[in-house]
Amino acid sequence: MMAEENDAEELDQDNAELNLHSVGEMLRHAREQKNLGIEDIAKTTRIPQRHLESIESGDFAALPGRTYAIGFAKSYARTVGLSEVTIGSQLREEMDDQGHSAYEPETSGYSPANPSSIPPKYLAWTAAGIAAILLVGFLVWRTLFLEPGDFMDGSSDAEFVEGGGELESGLDGTIEPVGPTPSATGAVVLTATETVWLKIYDEDGERLFEKEMTAGEQYSVPADAKGPQILTGRPDALTVTIDGAVVPPLGTADRTIKDVGISAAALLGRSDPGGSATGTGDEAAGNQSSTQ
């Protein structure tokens with residue numbers, strides 16, 4: 001019975017002593033008894049040191065708000081071994097007395113970050129290292145084990161020529177017609193790829209067409225023309241098609257051509273893309289005058 005009375009008296013004394021001091025003084029006194037500096041409390045609770053100093057000095061206006069002030073004080077109390085309930089309750093009273101009683105909804109279960117719940121830095125570095133190793137491993141695997149064809153889109157229109165047989169057949173100086181096989185009675189169209197002068201006439205020398213064509217211009221050889229022929233100094237600047245199929249060029253850039261047949265039958269029957277030609281521009285000019 002006597003022991004219970006003594007315990008009650010000691011508790012009353014402790015409570016009386018607590019009521020004689022502010023929250024900040026109690027927290028500072030408990031910290032000093034544990035031989036801890038304010039920076040030790042900041043490191044443990046992860047609360048900025050300036051906020052802890054504001055709590056100890058009772059400068060509540062310097063704190064971010066009522067809710068945070070109470071949360072900081074409770075965390076401080078746990079660290080120095082005081083009752084967070086008692087500290088929180090007394091701090092509310094002090095803030096009310098100083099005019100900091102404005103309502104602020106407290107966050108449920110609020111407490112500053114617990115260092116034990118924060119992953120250590122070495123775990124973050126370890127995770128980054130594992131990710132880097134996996135990435136390098138994937139790149140090495142892709143390089144060593146995947147075939148080049150695996151990287152290509154299966155829907156691509158590109159095709160590789162195996163053996164080079166078809167390619168070699170195109171290197172003998174001849175050009176195979178592009179597109180469907182043209183007909184000997186098909187429609188012949190001349191398309192200028194550059195600015196080029198040309199003259200078209202029939203086998204009797206009657207002029208059918210004469211003009212300096214610009215790139216993109218076309219001339220369709222009349223289907224009823226009698227033995228149509230051409231005179232031009234730039235056969236390489238003309239693309240010739242029969243029914244839309246491209247046929248070999250009429251000649252090269254350094255040769256003026258004259259009296260070269262341009263009917264479908266003549267184009268398909270000639271073996272020399274240059275046809276009959278004169279070697280110089282003067283001779284071509286003379287031929288042009290005689291033709292006219």
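Predicted model: local features only at pLDDT ≥ 70, side-chain atom pairs only at ≥ 80, totals over all residues.
Residues are numbered from 1 along each chain as its sequence is written, and side-chain values use heavy atoms, with hydrogens and water left out. Local features need pLDDT of at least 70 and side-chain atom pairs count only at pLDDT 80 or more, while totals for chains, interfaces and linings use all residues.

A search of the whole structure finds 9 salt bridges, each defined as a side-chain nitrogen of Lys or Arg within 4 Å of a carboxyl oxygen of Asp or Glu. The table includes three of them.

| Salt bridge | N to O distance |
|---|---|
| R66 and D96 | 3.1 Å |
| E194 and R234 | 3.3 Å |
| R234 and D236 | 2.9 Å |

The bridge between R66 and D96 joins helix α5 to helix α6 (residues 84–97), so parts that are 30 residues apart in sequence are tied together. Helices (H or I, at least four residues) and strands (E, at least two) are DSSP runs, numbered from the N terminus. R66 is buried at 13% relative accessible area, whereas D96 is partly exposed at 38%. Buried means under 20% relative accessible area, exposed over 50%, and partly exposed in between (1.4 Å probe, protein chains only).

E194, R234 and D236 form a network of salt bridges. Relative accessibility is 39% for E194, 27% for R234 and 31% for D236.

In helix α4 (residues 49–57), the buried residues are H51, L52, S54, I55 and E56. These buried residues pack against α2 (23–33), α3 (38–45) and α5 (66–80), contact being heavy atoms within 4.5 Å. After α4 comes G58, with a positive phi near 75 degrees.
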